[in-house]
Amino acid sequence: MHRVDLNCDLGESFGAYRMGNDEALLELVTSANIACGFHAGDPSTMRRTVRLALEAGTAIGAHPGLPDLVGFGRRPMAITPQEAYDLVVYQIGALDAFVRSEGGTLRHVKPHGALYNMAASNAPLAEAIAEAVRRIDPSLLLFGLSGSELIRAGQKLGLTTVSEAFADRTYQRDGSLTSRAHPGALIRDPQQAADQAVRMVMEGTVRSLEGPEVKLEVHTVCIHGDGEQALAASRLIRDALVSAGIAVCAVSQ
């Protein structure tokens, strides 16, 4: 039987500003990537989201991003590998403290936004992030884009890596995600996103924006919780996976 984890970025509200529908999404996903305060989130949001995830029985991961609240961590920054290491250690430590204080266990780490995309192609940056995860806890799972430098860096250090694919994003022929600056970066039709998710899991391929097929290894599928149709699309994607005979469950640690 095919099986796949379904993950979502959560805890992205900040102060009086609310984003997403975390409680409802936690009923659909099997892994929660919780913002750690740099690109989104704040201490109270972190604690609240951790508590909700534990109540839902959802696996919890740290979602470290670039220090860019205004840009939501989606704008590249010129940081060194040492800076990447430091900011990842800092953010994992912050979230881990909330998880432990609520009686839970941190399960994985997935970089956010521009940091994630930078680490997908920049080997020194990827190695610094993987080393940060290894130094904190080598049993933590490292989520990264399928076929990316981050996956290779984690494997090189002996981490358990989790190759990720995106239901609602388009791909380039080299396996990278289409830049959000491109008008075709996002798949806005929920049914199209659901169909892409099923095909990626069942066949291990996705059609690139340019046309050629791209081979993928898929252990987890990401859905985004910050769009207008996020909740309805997430339900449709999960239902499509289950209807195709795919078991939706968290990745084993």
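Colleague: Is I34 buried or exposed?
Modeller: I34 counts as buried, at 0% relative accessibility; buried means under 20% relative accessible area, exposed means over 50%, and partly exposed lies in between, with a 1.4 Å probe and protein chains only. Keep in mind that this is a predicted model, in which local features need pLDDT of at least 70 and side-chain atom pairs count only at pLDDT 80 or more, while totals for chains, interfaces and linings use all residues. Residues are numbered from 1 along each chain as its sequence is written, and side-chain values use heavy atoms, with hydrogens and water left out.

Colleague: Where is the place of I34, and what does I34 touch?
Modeller: I34 belongs to strand 2, residues 31-35, where helices (H or I, at least four residues) and strands (E, at least two) are DSSP runs numbered from the N terminus. Not counting residues up to four places away in sequence, I34 touches L10, T49, V50, I60, G61, A62, H63 and L95, a contact being heavy atoms within 4.5 Å.

Colleague: Which residues touch the most other members of the largest nonpolar core?
Modeller: Those are L95, Y171, I237 and L241, in a core of 71 residues; a nonpolar core is a set of buried Ala, Val, Leu, Ile, Met, Phe, Trp, Tyr and Cys residues joined through side-chain atoms within 4.5 Å. Apart from its neighbours within four places in sequence, I237 is in contact with L6, A167, A193, A194, A197 and I223.

Colleague: Stepping back, how many helices and strands are in the chain?
Modeller: The chain has 8 helices and 10 strands. Its radius of gyration is 17 Å, close to the 18 Å that the globule rule gives for 253 residues, so the chain is as compact as a globular protein of that length; the radius is taken over C-alpha atoms, and the rule is 2.2 Å times the number of residues to the power 0.38. Of the 253 residues, 55% count as buried, and residues 24 or more positions apart account for 72% of the contacts with a separation of 6 or more.

Colleague: How much space lies in the largest pocket?
Modeller: The largest pocket holds about 470 Å³, and of the 29 residues that line this pocket, G113, A114, N117, R169 and L177 are the closest to its centre. On a 1 Å grid over the protein atoms alone, a pocket is an open set of points with protein on both sides within 12 Å along at least five of seven lines, a cavity is a set of points where a 1.4 Å probe fits but cannot get out, and lining residues have an atom within 4 Å of a point.

Colleague: Which helix gives the largest share of that pocket lining?
Modeller: Helix 4 does, with 7 residues. In helix 4, residues 113-121, the buried residues are A114, L115, Y116, M118, A119 and A120, and they pack against helix 3, helix 5, strand 5, helix 6 and strand 6.

Colleague: And what lines the largest cavity?
Modeller: The lining consists of D9, L10, G11, E12, M19, G20, D22, L25, G225 and D226, and the elements that give two or more residues to the lining are strand 1 (3-10) and helix 1 (22-25). The cavity has a volume of about 40 Å³, a volume being the space filled by probe spheres set on grid points that are joined across faces, edges and corners.

Colleague: One last thing, what is the phi of F72?
Modeller: F72 has a positive phi of about 55° although it is not a glycine. Most residues other than glycine have a negative phi. F72 sits in the loop between strand 3 (59-63) and helix 3, and F72 counts as buried at 13% relative accessibility.
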